[in-house]
Structures are given as structure tokens and as C-alpha cells.
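Please read the following walk through one protein model with the coordinates open beside it.

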Amino acid sequence: MPAAIGLDSILEIGPGVRLAPLGDGGLSVSTDVLHVRLEGGSAGVFLERVLRRLDGRTPLAEVLDNWSESAQSEAIALLE
């Protein structure tokens, strides 16, 4: 079982992960074996404020700095 993602995690978007903003404000996240579509205006915010900052060097706590506890929990749930 993989380790749980937490604020002390350092994550990186792998080379096989494709991120594509959609015209309706949604976001497409896909790999060779998985495709996820995030919908709604917050999908673009998630892309810019979280996914693009997962560089393998920045702790998740820094990426989610100044977010409410509930927003941090929701972001972590999406990443898991």
C-alpha cells in the first residue's frame, strides 16, 4: 500500500502525465492507463496553484501555504 500523501510530502508530476486545460474551464489529467477530468472553475486554479508547482523539490505544505485546512484536505484527496 502506498504511503499517504501529507503536507510533508514532496511530489512531482511524472513525465508520462499530461495536463490539458479544457475550454469549459475544466482540466484533463491523463497517463497511458488513466484519464481524469476535473470540472468547474476551480480546476484551472488547481492546475495553476498546485499541479504546476509539484516539481519534486517543493514540500506540499509550501504549495498549499495560506490555504484553509479544509481546502488543504480537499487538494490532498485529489492528489491521492
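Predicted model: local features only at pLDDT ≥ 70, side-chain atom pairs only at ≥ 80, totals over all residues.

Residues are numbered from 1 along each chain as its sequence is written, and side-chain values use heavy atoms, with hydrogens and water left out.

Begin with the sheet. Helices (H or I, at least four residues) and strands (E, at least two) are DSSP runs, numbered from the N terminus. Three strands make an open, antiparallel sheet in the order β2-β3-β4; two strands pair if DSSP finds at least two bridges between them. The edges are taken by β2 and β4, each of which has a single partner strand, so one side of each lacks a neighbour in the sheet. On average, neighbouring strands of this sheet are turned by 15° against each other, direction ignored, where axes are lines fitted to C-alpha atoms, for helices over the stretch in contact, and angles run from 0 to 180 degrees between N-to-C directions.

The antiparallel strands β2 and β3 are joined by 4 bridges. Alanine 20 faces serine 28 in β3, and proline 21 has leucine 27 as its bridge partner in β3. The two strands form a hairpin with 5 residues between them, and glycine 25 in the turn has a positive phi of about 95°.

Next comes α1. Buried means under 20% relative accessible area, exposed over 50%, and partly exposed in between (1.4 Å probe, protein chains only). Ala43, Phe46 and Leu47 are buried in α1. They lie on the same side of α1 because they cover an arc of only 100° around the axis, the arc being that of the directions from the helix axis to the C-beta atoms. An α-helix has 3.6 residues a turn, so residues three or four places apart point the same way. Exposed Ser42 and Arg49 sit on the face of α1 turned away from its buried side. The buried residues of α1 pack against β2 (18–21), β3 (27–30), β4 (35–38) and α3; contact means heavy atoms within 4.5 Å.

Now the core. A nonpolar core is a set of buried Ala, Val, Leu, Ile, Met, Phe, Trp, Tyr and Cys residues joined through side-chain atoms within 4.5 Å. The largest one has 15 residues, and Phe46, Val50, Leu51, Leu54, Leu60, Leu64 and Leu79 touch the most other members. Two or more residues come from each of α1 (42–49), α2 (60–63) and α3 (69–79). Leaving out residues up to four places away in sequence, leucine 79 touches Ile5, Leu11, Phe46, Val50, Leu51, Leu54 and Leu60.

Serine 9, in the segment before β1 (10–12), is buried at a relative accessible area of 13%. Its side chain reaches the backbone nitrogen of glycine 6 at 2.9 Å. Beyond its neighbours within four places in sequence, serine 9 is in contact with Ala4, Thr58, Pro59 and Leu60.

Serine 70 lies in α3 and is partly exposed at 46% relative accessibility. Serine 70 and glutamate 12 are 58 residues apart in sequence and 22 Å apart in space, C-alpha to C-alpha.

Asparagine 66, in the loop between α2 and α3, is exposed with a relative accessible area of 74%. Asparagine 66 has a positive phi of about 70° although it is not a glycine. Most residues other than glycine have a negative phi.

Definitions and conventions. Polar contact = N/O pair within 3.5 Å; in protein donor to acceptor, adjacent residues only side chain to side chain.
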